[in-house]
Amino acid sequence: ARRRPGVSNLLLVVAAASSGGLVAYADSGSDAAVEKPQLPQRKKVVVLGTGWGGTTFLRNLDTRLYDVQVISPRNYFAFTPLLPSVTSGTVEPRSIVEPIRRVLEKKGEEIKFWEAECFKIDPQNKKIHCRSNLGTNLDGNGEFLVDYDYLVVAVGARVNTFNTPGVVENCHFLKEVEDAQKIRRSVMDCFERASLPFLDEEERRKNLHFVVVGGGPTGVEFAASLHDFVTEDLSKLYPSIQHLVKISLIEAADHILTMFDKRITNFAEDKFGRDGIDVKTGYKVVKVSKDAITMQNPGTGDISVPYGMAVWSTGIGTRPFIVEFMKQIGQGNRRVLATDEWLRVRECDGVYAIGDCATINQRRVMEDISEIFRVADKDKSGTLTVKEIQDVLDDISMRYPQLQLYLKSKQMNGIADLVRSAKGDAEKESVELNIEEFKKALSLVDSQVKFLPATAQVASQQGQYLARCFNKMKDAEEHPEGPIRIRGEGRHRFRPFRYRHLGQFAPLGGEQTAAQLPGDWISIGHSSQWLWYSVYATKQISWRTRMLVVSDWTRRFIFGRDSSCI
Ligand code: FAD
């Protein structure tokens with residue numbers, strides 16, 4: 001131990017960060033420096049993303065233990081479940097966002113935040129390549145490198161257009177706060193345009209035709225909230241054109257809200273029917289032009305409908321730099337990052353992935369499987385031979401290890417049982433299977449294998465779990481004899497991640513919500529709407545946003561929604 005003599009009337013903090021020496025403090029009241037043993041250099045944790053996964057991880061992480069850096073192109077956290085409410089002005093955009101620096105400040109430790117996006121991960125050298133849109137460095141490209149010991153990838157997903165022509169150019173998406181603001185402005189523009197004096201009735205109808213593509217929870221909630229906005233508020237402000245308004249909801253599957261219980265699906269379809277929302281199931285949108293949406297149905301062929309505004313909400317896809325990363329680490333044939341039960345990216349030291357970039361829902365899996373079938377059906381006969389089915393199943397197993405386990409399990413006994421159960425014929429071995437039978441067989445698999453849904457609930461539970469593991473990491477390293485769990489062939493210091501499903505909501509408009517709670521307990525109606533209000537008020541990230549959201553709801557009850565978009 002060394003002393004630093006003669007330092008007085010001055011607060012000196014010398015952090016011998018990289019050397020193995022001592023940290024010396026001198027305070028104004030004493031000549032003698034107080035020596036403290038230096039903490040070992042902290043490991044660098046880099047967090048990509050400030051959404052549900054990243055923010056929950058940061059809030060639960062003991063940041064005294066690590067040197068933490070956060071990188072995201074968005075300097076705030078957004079409460080996405082209320083985005084549909086922003087499109088109709090029920091809730092203001094500012095009420096559902098929390099500046100990330102405020103979240104970090106509450107931790108009391110210095111955490112660095114860089115407003116930038118990562119565009120490449122280099123797992124060999126443990127570096128990430130980032131780019132800032134704000135300024136430029138001397139090279140003029142705003143790029144910089146960040147080292148990590150542990151990398152937490154929580155970058156979410158992007159919208160999926162399935163490469164449908166014209167979607168990017170002509171449709172709105174509902175993924176970010178800016179998207180919701182644009183939709184709100186666009187709805188008002190449609191009403192103002194339809195009110196102009198020189199338009200004929202057909203043009204007015206076209207402007208007031210709102211099309212929602214995708215009958216999942218987001219599309220359904222948006223259609224419901226738009227319907228409420230139109231009937232409760234805009235009809236009073238635009239009485240002469242309100243009868244021309246039409247809302248269409250287009251879904252490729254046979255029903256909307258397929259991830260919910262049948263009772264909810266039926267209730268939603270009936271309610272929308274009564275509300276005058278035109279639900280078109282079994283239609284696939286194949287093209288969107290500036291003026292019309294073209295869709296296909298096996299019975300009717302192509303149909304083109306004119307529209308004023310369209311919102312595309314058909315699901316999510318993988319971000320391009322994650323696709324590149326997956327190729328680098330041998331996961332090129334997968335749709336999302338594969339992690340083990342401890343959320344570590346497979347074959348990639350020190351990299352963890354949470355949230356939408358690492359989870360996939362059942363619906364997307366089934367779409368994928370149908371696509372694999374279509375590709376395998378080379379002669380377009382609609383049937384596959386047993387050999388081809390075997391190849392398809394190999395492909396599916398490779399992409400989805402969860403299914404592989406199931407396909408090999410006793411109940412299915414591999415392909416032979418799959419074919420038999422689909423054909424309902426236990427004797428035949430060499431059969432041909434058409435796509436409908438194949439889907440039927442796979443729906444058996446589908447009902448047995450649970451995939452994690454890509455939801456805020458999963459992302460935040462993963463963020464919380466991972467933070468707890470990080471908090472215990474040092475302890476576990478120092479006491480390896482500690483709580484070691486044994487699972488399969490491996491041993492690990494932590495319990496594997498287990499998702500606890502707390503239920504899901506589908507707001508259907510008119511102050512009615514469908515709730516599917518744990519234990520398949522179903523509740524539909526006004527009481528569930530109050531449950532929805534209380535859950536979403538409770539789940540707010542701060543008291544500030546909680547107060548703002550509750551006051552927005554109160555304002556809406558008293559004065560109605562605000563139709564001006566400033
Ligand atoms: P996100 O929350 O999307 O966060 C991703 C973060 O990564 C963002 O901060 C983004 O800026 C950042 N990022 C992006 N690219 C980069 C990059 N290159 N480098 C660094 N950072 C990057 N779920 C529910 O459970 N209940 C609901 O009611 C519900 N409603 C929803 C309604 C809507 C309209 C939407 C769009 C989603 C809804 N979800 C709901 C789903 C939920 O929002 C997502 O599952 C959740 O946000 C996933 O969390 P995440 O952390 O993986 O991604």
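In this predicted model, the largest cavity holds about 240 Å³ of space. A search of the whole structure turns up three cavities of 30 Å³ or more. So who sits around the largest one? Its lining is made up of 20 residues, and those closest to its centre are Ser85, Ser225, Asp228, Gln529 and Trp532.

Helix α7 supplies the largest share, with four residues.

Next up is the ligand. There are 31 residues around it, and Gly53, Thr80, Cys118, Asp356 and Ala456 come nearest. Thr80 also places a side-chain N or O atom 2.5 Å from one of the ligand's oxygen atoms. With Thr50, a polar atom of the backbone is 2.9 Å from a ligand oxygen, while Ser72 has a polar side-chain atom 3.3 Å from an oxygen of the ligand.

| Residue | Part of the residue | Distance to a ligand oxygen |
|---|---|---|
| Thr50 | polar backbone atom | 2.9 Å |
| Ser72 | polar side-chain atom | 3.3 Å |
| Thr80 | side-chain N or O atom | 2.5 Å |

You'll find Thr314 in the loop between β21 (309-312) and β22 (316-317). Is Thr314 buried or exposed? Its relative accessible area is 16%, so Thr314 counts as buried, the cut-off being under 20%. Its side chain makes a polar contact of 2.8 Å with the side chain of Trp312, and it also reaches the backbone oxygen of Asn160 at 3.0 Å. Asn160 shows up again among the contacts of Thr314 once neighbours within four places in sequence are set aside, along with Phe162, Val213 and Gly214.

The other residue is Ser304, which belongs to strand β20 (residues 301-306). Ser304 has a relative accessibility of 49%, so it counts as partly exposed; over 50% would be needed for exposed. What does Ser304 touch, leaving out residues up to four places away in sequence? The answer is Ala292, Ile293 and Thr294. With Thr294 there is also a polar contact, 2.9 Å between the two side chains. As for Val285, 19 residues from Ser304 along the chain, the C-alpha atoms of the pair are 9.5 Å apart.

Methods. Residues are numbered from 1 along each chain as its sequence is written. This is a predicted model: local features need pLDDT of at least 70, side-chain atom pairs count only at pLDDT 80 or more; totals for chains, interfaces and linings use all residues. Side-chain values use heavy atoms; hydrogens and water are left out. Helices (H or I, at least four residues) and strands (E, at least two) are DSSP runs, numbered from the N terminus. Buried means under 20% relative accessible area, exposed over 50%, partly exposed in between (1.4 Å probe, protein chains only). Contact means heavy atoms within 4.5 Å. A polar contact is a pair of N or O atoms within 3.5 Å; within protein, one must be able to donate a hydrogen and the other to accept it, and residues adjacent in sequence count only if both atoms are side-chain atoms. On a 1 Å grid over the protein atoms alone, a cavity is a set of points where a 1.4 Å probe fits but cannot get out, and a pocket is an open set with protein on both sides within 12 Å along at least five of seven lines; lining residues have an atom within 4 Å of a point. Grid points are joined across faces, edges and corners, and a volume is the space filled by probe spheres set on the points. A residue is near a molecule or strand if one of its heavy atoms lies within 4 Å of it.
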